[in-house]
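Here are my notes on this one, in the order I went through it. Have a look at the structure first, then read on.

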Amino acid sequence: MAIGTHLCDLDDLDAEGIAAVLYTAESMAEILARPIPRVPALRGRTVMLLFYEASTRTRHSFELACKALGADSVSLAAATSAVAKGESLVDTVRTARALGADAVVLRHPASGAARLAAAQGLLPVINAGDGTHAHPTQALLDLFTVRRHRGGPAGLRLTIVGDILHSRVARSSAQAFARMGADVVLCGPATVLPPEAGAALGVRVCHDLNAALRGADVVMALRIQKERMDGGLLPSAAEYRAGWGLDAERLAAACPGALLLHPGPVNRGVEVTPDLLDRPESAVDDQVKAGVAVRMAVLYMLLEGGAAE
Amino acid sequence: MALVEKAVIMDEEAVGRALRRMSHEIVERLGGTGGLWLVGIRRRGVPLAQRLAREINAFEGLLPPTGELDITLYRDDLTTKHDRPQVGRTQMPGDPRGKTIVLVDDVLYTGRTVRAALDALVDLGRPAQIQLAVLIDRGHRELPIRADYVGKNVPTSRREVIEVRLLEIDRRDEVVIMEQA
């Protein structure tokens, strides 16, 4: 199985499928490096980008991915659409199909929204982030970025730091990296990192930042969301920074030259100090670039049923 | 659709001689190796391009640069030819501007693969000239495309399939005609 009809979460991809996406993404990255970064593979196809939540990276990289493959993309921003009048998700997908869309890329605040949309059997659905559940293309681009820098990820140690409980990025990446043979450790304040989290994903949990960073080849910092602090789960940005923020001194506990990842947008001075983003170990910009190539691969494989040789 | 091998139309020696002769033709017609690149169309065009380059090196003392071109994303028959079209690597020796590119493929049939290759090349840059070298020309062109250098012309019927096997991929050199059983 390379890839099925939908990509809702990492359950839709086994290790072979993940490898196929990464391999195809390599060819896509080569296309993006050309003077004319365009191929006609998905010419005549239309992809509807349904974003019920704000996004810079994900939405634009899907848009660019569509354009690079010659597909048309149509963006629906919920706030200015009929969704504001109360149109349901299912009806919105139905409308997309009637308008000629061949696939839907969906970002939605409710966990499970992508699976719901996919279950209607109307159009192929790619999950661009649903609630706190999953963000599969983010996990794939994280894998792609790490592989390009360090190989693997089998045999590598990945430590994810932050609000694990509310992070769809943490869920998907932990699953993806573990499936591809990496050793994954989740780390964060106990209020947002329940001990069961590890068992559920098949990875380790550690509440001690220093211990969690020791031996890490890759460190992923997650964005701290203001809502969590308003909700009493985290004390304040300053206290998070004091206890869990990454800086050069703390990162020294990790392996020398450990790669730094962040899904973005970065709260400078909270989860990471700004200087870390300028060091050569920061792969944050590469993650963004990887996002276009990986999303091209996913779109191509979903719509053409293709996989890399 | 089961295929039955009908005949071996070229054995290892014949393939070798054809490539040797083609490499001489290329240098003769181009008046040398200046600006020459041999770009193989994936998949079997790639080792053929490399062999032609080595042959040219043997008598000219110059190894022309070779490239690999994947045309999967340019084909117009993606869903009809294969169930799962596969994407491979494209690697060119640099900027094609001003170069004389000889595209290399194993079999020339409808011409659609070459059409896709031309589109891909033009997207990569502006070569001064593009020519085509194929090991087998089996006729039945659906587009106005012709080869400049041909290893062997093999008239075929549409029911037949020509299979080129190469040492680098199939562990032996030969060309066979197959037919639907």
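1. Starting with chain B: a compact globule of 181 residues would have a radius of gyration near 16 Å, and chain B has 16 Å, which agrees. That radius is taken over C-alpha atoms, and the globule rule is 2.2 Å times the number of residues to the power 0.38. Keep in mind that this is a predicted model, where local features need pLDDT of at least 70, side-chain atom pairs count only at pLDDT 80 or more, and totals for chains, interfaces and linings use all residues. Residues are numbered from 1 along each chain as its sequence is written, while chains are lettered from A and ligands numbered from 1 in the order in which they are written.

2. Chain B has five helices and nine strands (DSSP runs numbered from the N terminus: H or I of at least four residues for helices, E of at least two for strands). Read from the N terminus, the order is β-α-β-α-β-α-β-β-α-β-β-β-α-β. Its C-alpha atoms fill a box of roughly 50 × 35 × 30 Å along the principal axes.

3. Burial in chain B comes to 38% of the 181 residues. Here buried means 20 or more other C-beta atoms within 10 Å of a residue's own, exposed means 12 or fewer, and partly exposed lies in between, with C-beta atoms placed from the backbone. As for contacts (C-beta atoms, placed from the backbone, within 7 Å), 70% of those in chain B with a separation of 6 or more are between residues 24 or more positions apart.

4. On to chain A, with 13 helices and 10 strands. Its radius of gyration is 19 Å, close to the 19 Å from the globule rule for 309 residues, so chain A is as compact as a globular protein of that length. The C-alpha trace spans about 55 × 45 × 35 Å along its principal axes. Buried residues are 49% of the 309, and of the contacts between residues at least 6 apart in sequence, 73% join residues at least 24 apart.

5. Do look at H5(A), residues 136-150. It is mostly covered, with 11 of its 15 residues buried, among them A:Pro136, A:Leu141 and A:Val146. The buried residues of H5(A) pack against H1, S4 (125-130), H6, S8 (218-221), S9 (259-261) and H13 (284-304) of chain A. After the helix comes A:Gly151, with a positive phi near 75 degrees.

6. How do H1(A) and H5(A) pack? H1 (residues 15-32) meets H5 at an angle of about 65 degrees, with axes 10 Å apart, and the crossing is right-handed. A:Ile18, A:Val21, A:Leu22 and A:Ala25 of H1(A) make the contact with A:Leu140, A:Leu143, A:Phe144 and A:Arg147 of H5(A). By class that gives seven nonpolar residues, no polar and one charged.

7. H6(A) has 10 of its 12 residues buried, so it is largely enclosed by the rest of the structure. The buried set includes A:Arg168, A:Arg171 and A:Phe177. Following this helix is A:Gly181, whose phi is positive, near 95 degrees.

8. Is A:Ile36 buried or exposed? A:Ile36 is exposed, having 11 other C-beta atoms within 10 Å. Its C-alpha is separated by 34 Å from that of A:Ala258, 222 residues apart along the chain.

Technical notes:
Axes fitted to C-alpha atoms, helices over the stretch in contact; angles between N-to-C directions. Left-handed = near helix turned anticlockwise from the far one by under 90°. Contact = placed C-beta atoms within 7 Å. Nonpolar A, V, L, I, M, F, W, Y, C, P; charged D, E, K, R; others polar.
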